[in-house]
Amino acid sequence: MKKSFLPWDADQQKRIVPLLAGIVMIAGIFIFGVFFVNARGEQADRQIRAQILNQAVQLARTINVDRVKALSWTAADKTNPAFQRMRNQFIDYGRAVGLRSVYTMAFRDGHIVFGPENIPESDPLASPPGTVYQEPRREDMEAFKTALPYTSGPAKDEYGVFVSAAAPVVEPRSGKVLMLVGIDIDAVQWSKAIEHERRAGILIVVILFMGALLLLVVVVAQRAAPKKARAWWLYKDVTAVLLAGCTVSAIAAFLVYEKELDRRHLVLQGLGNSQSAILRNELEDMRTYHLAGLVRMFERRENLSRQEFQEESRPLTHAFWLSGYGWAPRVPKEDLEAFEARIRQDVSKDFTLYDLDSSGKKTLARERPVHYPLLYPEPYEEIKSAIGFDLMAEPLRREALGIAEETGLPTATDPVITVVRHEKAIIIFQTVQDKGVVYLMVRPDALLRYQAAESGLAPGMELALFQAQKDGDPFWLASLDGKQIAWERSFCNIRRGVPGFFQVYPLMFFGKTYFLLIHSDDIDFARQLKFQIFGILLMGLGLSAVAAMVVGFMVNRQVLLEQEVLSRTAQIRESEEAYRRQFSDNGAPMFLIDAGIGRIIDVNTAAQKMYGYSREQLLTMRMMDINILPPAQALRMIKPGDGHPREMFEFSHAMADGTVRDVEVFTSLITWKGRPAIHVIVHDVTDRKKAERDLEQKKNELVQTSKLATLGEMAAGLAHEVNQPLGVISLVATAFRKLLEKGKLDEARLASGLKDIEGCILRMTRIVNHIRIFSRQEKPAFLHVDVAETIESALTLLGEQLYMREIEVERAIEPGLPQIIGEPYQLEQVWINFITNARDAMDEKQKRIVDGNLLVEGYRKKLTVSVSMDKASNRVLVMFADNGVGISGEAKEKAFNPFFTTKAAGKGTGLGLSISYGIIESHKGSITIEGRENEGACLKVYLPLETKQQLVS
């Protein structure tokens, strides 16, 4: 016996080895858990830093450089409009996205000093403008040199412990860092977020640990159990492995799901950065070019006429996001009468300063210290009725105008309804010294559409625009899909930290804080992610099942073998009983045949009854003994091949009394008692075969009857065809007799006359032979057939009739057509049926015209016969088209039914098209009928180049 290298005997090994393996597995899980939990914490830290850094960068990008240059970075900034505007925008931004600390820093006289921030002045963390940063971080100093954004911390300074991010605001021309925009999050908040992610990792590791421990307990307990109890423990083993595998699969799927979401967020952030940059540039162009351009017009000239204003501002009309723009002079109350008089004299005698009441109707303007009457609105022709409207009449316009006057900065209103078009717009005012104010009316929805058109949105991406307000959540301005409530819910979810494919970008312009909200609802990504998760789960379940089977086999091999023996014994017993019920007691005759030599090894009662042999007799015979085919051929045919596990054959079997029966034999290859056998099922089809033969005979008789009826209808025409050559022969004979009487019958005339007689006799012989062959009743012989020749034969037989009825026949036969396999005289019968039907249809139409039922001028009967190759289906196409009475929709559906006819009583049997349909079907072809009433009909026949019919020589 081979000695084990382990210091324990076999029974001890069964208990101790699994225990050692389990300890090693648990230790491995513990080591993995340490690294895994730390990795999750580091990943959470990276995500938090990336998020606040992106916020800082986006804030820095939206800050107006001119406003930064206007700051003194001293306590005097408290009254500086640029400082106040920036501070208010930071407050709006922090409130909207849930940031407590947004601040700015500049480098002055070797120190870092603080500027505008969103922290309330009463807060201990607040820093009045000009406050020196006593404990700056090294990264802050580096950022002023490198102009690169950064994150740092957690670090302690005089304000507390924070994780921070900062991004520079750079002067475009010089590249100098004007200031840093910083964002702080409390280190406690940062630590909680990381611990949350670590706890999730710890939970995963604990689940793995408990699963491993459970598996170890089950395996050890099973090994220690008595042999009789191991069968019960087998299910515990397998269940434990399955649970462990499913748990690991679920954890893997969860981790992949997290990673894919992170990747998707990064993709969305990249797309969002480009989208926000485009919109930011467009808003900057409004301020720098459009609005500033209007201001420069009035600064350069003292008196600018409307026509000059319209001409110089024409480029603005191409900005489709503009609802309008214009000029309103500043008119103090004491100058109002003089102003109105001057405008009535110089511009319009109907000019009146007016307000709008609550219903939108014009009323006389209320007396105010200062008025801003709308004077030059554009586009003029569309909104000229707004001339004279006092911009100070409406509260939102009045508030924005007051701020613009006080600060001298461009200022936007909250969304207002325009005077003429009654659409939602944001009005941006810019004062021009003491002269007045220019304005732009921007439609938020049009601005978003312009954004989408300029950038070419990625599939599944949607945009929305929000505006911050002093109290409450930001409110919805516009979105591409117009779903206000859904977008407002999405913004609330962002503030609460609910996961989703959203990105928010600040836009600080014109004294307001706007937000571009980008949402990705990429169905393809969601479907792909589902497939990935499903694939991981499915693979994990499969591996778990395999592992369960392997563990169950290794740990409980003997028990499984015992159970397999018992199970196999029960199955064999059940299988034998089922076989006896399904084989011996079956009503269909059945045999079991040795696959090698064809000997009958079993037979049921129904087979004994059908063949007239006893069971003992049949078991001494071979299956070939009752088959009338040669034995080798019969065995070769019924033995299924590798590629045909089940086949059907038709044979003739000899019964015990000497009679022969037609049978269908179904065979399949099976294994019987460990060796190959053929299972044979026999169906007696003698009566069915006899019925089929009788039916075929009746069909041939019907076709023959139709042929004879057709010949009867053609009798007059055939008589004329024969009489014509007989007349020629008679004339030649009479001429010979008269020439002979006169002695003028010379050799040349004799030879010429005899040649005419031979030609006429040959013509009559050809006609008579064709009629004889056409009318005889024989078994159909399928040959290589030229379809065009069969058509010409049919036209020859009916040519005289068509000529006598003045029917013009037009042939369109494609040259070089391939032959088909068919029965020529059956095809000829089909063509004759078609031609006679066409003939009768054209005669009927002529009769209706004569009787006055149809108003048709210059009617000429015409039959068109065409034969061509249909390349799409690789079949020969035959068409018979006439210009007769046509066919109705109802008749079209019944045309091929037996005994259906549209002809008058006594003029048709209704079998012609039915027989034709059967003949074409036997040629594996198809037949259709087209046409309308009084517009003619067309019969189409498609014939394949090859059929399954055997060629008969």
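**Close-up views of a predicted model**

**View 1. Aspartate 140 in helix α4.** Aspartate 140 is buried, its relative accessible area being 0%. The model shown here and in the following views is a predicted one. Aspartate 140 belongs to helix α4, which spans residues 138-146. When neighbours within four places in sequence are left aside, the residues in contact with aspartate 140 are Met105, Ile112, Tyr133, Tyr150 and Leu180.

**View 2. Glutamate 378 in strand β11.** Strand β11, formed by residues 376-378, contains glutamate 378. This residue has a relative accessibility of 3%, and because buried means under 20% relative accessible area, glutamate 378 counts as buried. The side chain of glutamate 378 reaches the backbone nitrogen of tyrosine 380 at 3.1 Å. Leaving aside neighbours within four places in sequence, glutamate 378 is in contact with Arg306, Phe309, Gln310, Gly324, Tyr325 and Ile383. Threonine 317 is 61 residues from glutamate 378 in sequence, yet the two C-alpha atoms are 8.3 Å apart in space.

**View 3. The open sheet of strands β16 to β19.** An open sheet is formed by 4 strands, arranged in the order β17-β16-β19-β18 with antiparallel pairing. Strands β17 (475-479) and β18 (502-509) are at the edges and have a single partner strand each, so one side of each lacks a neighbour in the sheet. From one strand to the next, the twist averages 25 degrees. In general, the strands of a sheet pair through backbone hydrogen bonds, in either a parallel or an antiparallel manner.

View 4. Strand β16, residues 461-467, runs antiparallel to β17 and is joined to it by 4 bridges. Phenylalanine 466 stands opposite tryptophan 476, which is in β17. Elsewhere in the sheet, helix α3 (residues 81-97) lies across β18 and β19 (512-520). The helix runs at about 35 degrees to β19.

**View 5. The largest nonpolar core and tryptophan 321.** The largest nonpolar core has 48 residues, of which Met286, Phe298, Trp321 and Leu440 touch the most other members. Helix α6 (residues 230-300) makes the greatest contribution to this core, with 9 residues. Another core, of 44 residues, lies apart from it; among its members are Val57, Val65, Val113 and Leu517. In soluble globular proteins, nonpolar side chains tend to be buried together. Not counting residues up to four places away in sequence, tryptophan 321 touches Glu282, Met286, His290, Met441, Val442, Arg443, Ala446, Leu447 and Tyr450.

Conventions
Residues are numbered from 1 along each chain as its sequence is written. This is a predicted model: local features need pLDDT of at least 70, side-chain atom pairs count only at pLDDT 80 or more; totals for chains, interfaces and linings use all residues. Side-chain values use heavy atoms; hydrogens and water are left out. Two strands pair if DSSP finds at least two bridges between them. Helices (H or I, at least four residues) and strands (E, at least two) are DSSP runs, numbered from the N terminus. Axes are lines fitted to C-alpha atoms, for helices over the stretch in contact, and angles run from 0 to 180 degrees between N-to-C directions. Contact means heavy atoms within 4.5 Å. Buried means under 20% relative accessible area, exposed over 50%, partly exposed in between (1.4 Å probe, protein chains only). A polar contact is a pair of N or O atoms within 3.5 Å; within protein, one must be able to donate a hydrogen and the other to accept it, and residues adjacent in sequence count only if both atoms are side-chain atoms. A nonpolar core is a set of buried Ala, Val, Leu, Ile, Met, Phe, Trp, Tyr and Cys residues joined through side-chain atoms within 4.5 Å.
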